[in-house]
Amino acid sequence: MAIFYWYPKCSTCKKAKIWLDENKIDYDIIDMIETPPAKELLVEWMTNNEYPIRRFFNTSGIRYREQGLKNTVNDFSEEEAAGRLCVDGMLIKRPIMVLGDKVLLGFKEAEYEEAFL
């Protein structure tokens, strides 16, 4: 079963959800602001996927800018990055689609088509 982490007020998340529903994809849905992914889960995703750590952060978000992470995020270990992200879902790139070991960050229709269709 796919797991879809989203923020209901995010327009990109809404587009991804519409795509999933239109394509009749079964998934569990989790509000990533109310229930951010656990630190261990984030570390696992960072370890088992080819995304750079920076990609897990919502780099266009207010909290990212407020915390001045632009100049430090590239130096974070997976543990440090996951420690920041697991306590503040607003820092996390969204949406996140989890398919077993595979993680999709953000929403690109072509990536979803490749993963599901």
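In the hairpin of β3 and β4, 2 residues lie between the strands, and G100 there has a positive phi near 65 degrees. The model is predicted. The protein has 5 helices and 4 strands, and along the sequence these follow the pattern β-α-β-α-α-α-β-β-α.

**Overall dimensions**

- The radius of gyration of the protein is 14 Å, which agrees with the value near 13 Å that a compact globule of 117 residues would have.
- Taken along the principal axes, the box filled by the C-alpha atoms is roughly 40 × 30 × 25 Å.

**The sheet**

- Strands of a sheet pair through backbone hydrogen bonds, either parallel or antiparallel.
- Here 4 strands make an open sheet with mixed pairing, and their order is β2-β1-β3-β4.
- Strand β1 (residues 2-6) runs parallel to β2, and 5 bridges join the two.
- Within that pairing, Y5 has I30 of β2 as its bridge partner.
- β1 also pairs with strand β3 (residues 96-99), in the antiparallel sense and over 3 bridges.
- In β3, V98 is the residue opposite I3.
- The pairing of β3 with β4 is antiparallel too, with 4 bridges.

**Helix α1 against helix α5**

- Two packed helices are described by the angle between their axes and the distance between the axes.
- For helix α1 (residues 11-22) and helix α5 (residues 109-116), the packing angle is about 35 degrees and the axes are 11 Å apart.
- The crossing of α1 and α5 is right-handed.
- α1 contributes A16, W19 and L20 to the contact, and these meet E109, Y112, E113 and F116 of α5.
- Of the residues in this contact of α1 with α5, 5 are nonpolar and 2 are charged, with no polar ones.

**Helix α2 against helix α4**

- Helix α2 (residues 39-48) and helix α4 (residues 78-85) have axes that come within 8 Å and cross at roughly 135 degrees.
- That angle makes α2 oblique to α4.
- The crossing of α2 and α4 is right-handed.
- On the α2 side, the contact is made by K39, L42, V43, M46 and T47.
- On the α4 side, the contact is made by E78, E79, A81, A82, G83 and L85.
- The contact of α2 with α4 divides by class into 6 nonpolar, 2 polar and 3 charged residues.

**Backbone points to check in the loops**

- Most residues other than glycine have a negative phi, and most peptide bonds are trans.
- K24 is a residue other than glycine with a positive phi, near 55 degrees.
- K24 is placed in the loop between α1 and β2.
- The peptide bond that joins R94 and P95 is cis, with omega about -10 degrees.
- P95 lies in the loop between α4 and β3.

How values were computed: Residues are numbered from 1 along each chain as its sequence is written. This is a predicted model: local features need pLDDT of at least 70, side-chain atom pairs count only at pLDDT 80 or more; totals for chains, interfaces and linings use all residues. Side-chain values use heavy atoms; hydrogens and water are left out. Two strands pair if DSSP finds at least two bridges between them. Axes are lines fitted to C-alpha atoms, for helices over the stretch in contact, and angles run from 0 to 180 degrees between N-to-C directions. A crossing is left-handed if the near helix is turned anticlockwise from the far one by less than a right angle, and right-handed if clockwise. Contact means heavy atoms within 4.5 Å. Ala, Val, Leu, Ile, Met, Phe, Trp, Tyr, Cys and Pro count as nonpolar, Asp, Glu, Lys and Arg as charged, and the others, Gly among them, as polar. Angles under 35 degrees count as roughly parallel, over 145 as roughly antiparallel, 65 to 115 as roughly perpendicular and the rest as oblique. The radius of gyration is taken over C-alpha atoms; the globule rule is 2.2 Å times the number of residues to the power 0.38.
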